[in-house]
Number of protein chains: 2
Amino acid sequence: MPRPAGKPPLSSATAEFGARVRRRRAQLGLSQEALADTCELHWTYIGQVERGQRNISLHNIIRIAEALQIDPGRLVQGLASTT
Amino acid sequence: MPRPAGKPPLSSATAEFGARVRRRRAQLGLSQEALADTCELHWTYIGQVERGQRNISLHNIIRIAEALQIDPGRLVQGLASTT
């Protein structure tokens, strides 16, 4: 059976943010679970962030950036609203 | 009568984020009300953000950055968690 498509991203900004997290996580060779453990966030939440389904807060942006060993500014730079 | 001190910032990250918003808003000569109008956010919310009392979401970071005519990455770069 095909995998259900799932919920769409909230916005192009959350989609791009999530893609950056996923790309950097893969670069470090981390699973979602390993990243979640380091951030002290739930792995299902990390999955939702990577799919752009969360309007993530500043504190969680920082936690994820620290776990990914990058500046939080790099996850956010260039993002624009879609209105 | 002295002005009450008010609530403390949530964290050093929200405090620094708010200070950057306030500094850039002043640089542009905007009132909190004028910034709030451009962002379509309430001016009391802008005040709370500037005082570091809000764990602001990605969408609102982007709205405020756009109203301040700067990259959202500049508001977030270098911020660190306090744990």
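This is a predicted model: local features need pLDDT of at least 70, side-chain atom pairs count only at pLDDT 80 or more; totals for chains, interfaces and linings use all residues.
Through which surface do the copies, chain A and chain B, meet?

1. Chain B is superposed on chain A by a rotation of 180° with 0.0 Å of shift along the axis, at an RMSD of 0.0 Å. That is the relation of a two-fold axis.

2. Chain B contributes 22 residues to the contact, and chain A contributes 22 residues. Between them the two chains bury about 1,800 Å², with 64% of this area on carbon and sulfur atoms. Three residues, B:N55, B:L58 and B:H59, account for 31% of the area that chain B buries against chain A, more than any other three residues.

3. On polar interactions, 14 residue pairs are in polar contact across the interface of chain B and chain A, counting pairs with both residues at pLDDT 80 or more. The number of salt bridges between chain B and chain A is 0.

4. As to secondary structure, at least two residues of the side of chain B that touches chain A come from each of helix 1 (12-27), helix 4 (58-67) and helix 5 (72-76) of chain B. Helix 4 of chain B gives the most to this side, with 5 residues.

5. Sorted by class, the side of chain B that touches chain A comprises 11 nonpolar, 9 polar and 2 charged residues.

Conventions: Residues are numbered from 1 along each chain as its sequence is written. Chains are lettered from A and ligands numbered from 1 in the order in which they are written. Side-chain values use heavy atoms; hydrogens and water are left out. Copies are superposed by least squares on the C-alpha atoms of residues with pLDDT of at least 70 in both. Contact means heavy atoms within 4.5 Å. Buried area is the accessible area (1.4 Å probe) that two parts lose on being put together, summed over both. A salt bridge is a side-chain nitrogen of Lys or Arg within 4 Å of a carboxyl oxygen of Asp or Glu. A polar contact is a pair of N or O atoms within 3.5 Å; within protein, one must be able to donate a hydrogen and the other to accept it, and residues adjacent in sequence count only if both atoms are side-chain atoms. Helices (H or I, at least four residues) and strands (E, at least two) are DSSP runs, numbered from the N terminus. Ala, Val, Leu, Ile, Met, Phe, Trp, Tyr, Cys and Pro count as nonpolar, Asp, Glu, Lys and Arg as charged, and the others, Gly among them, as polar.
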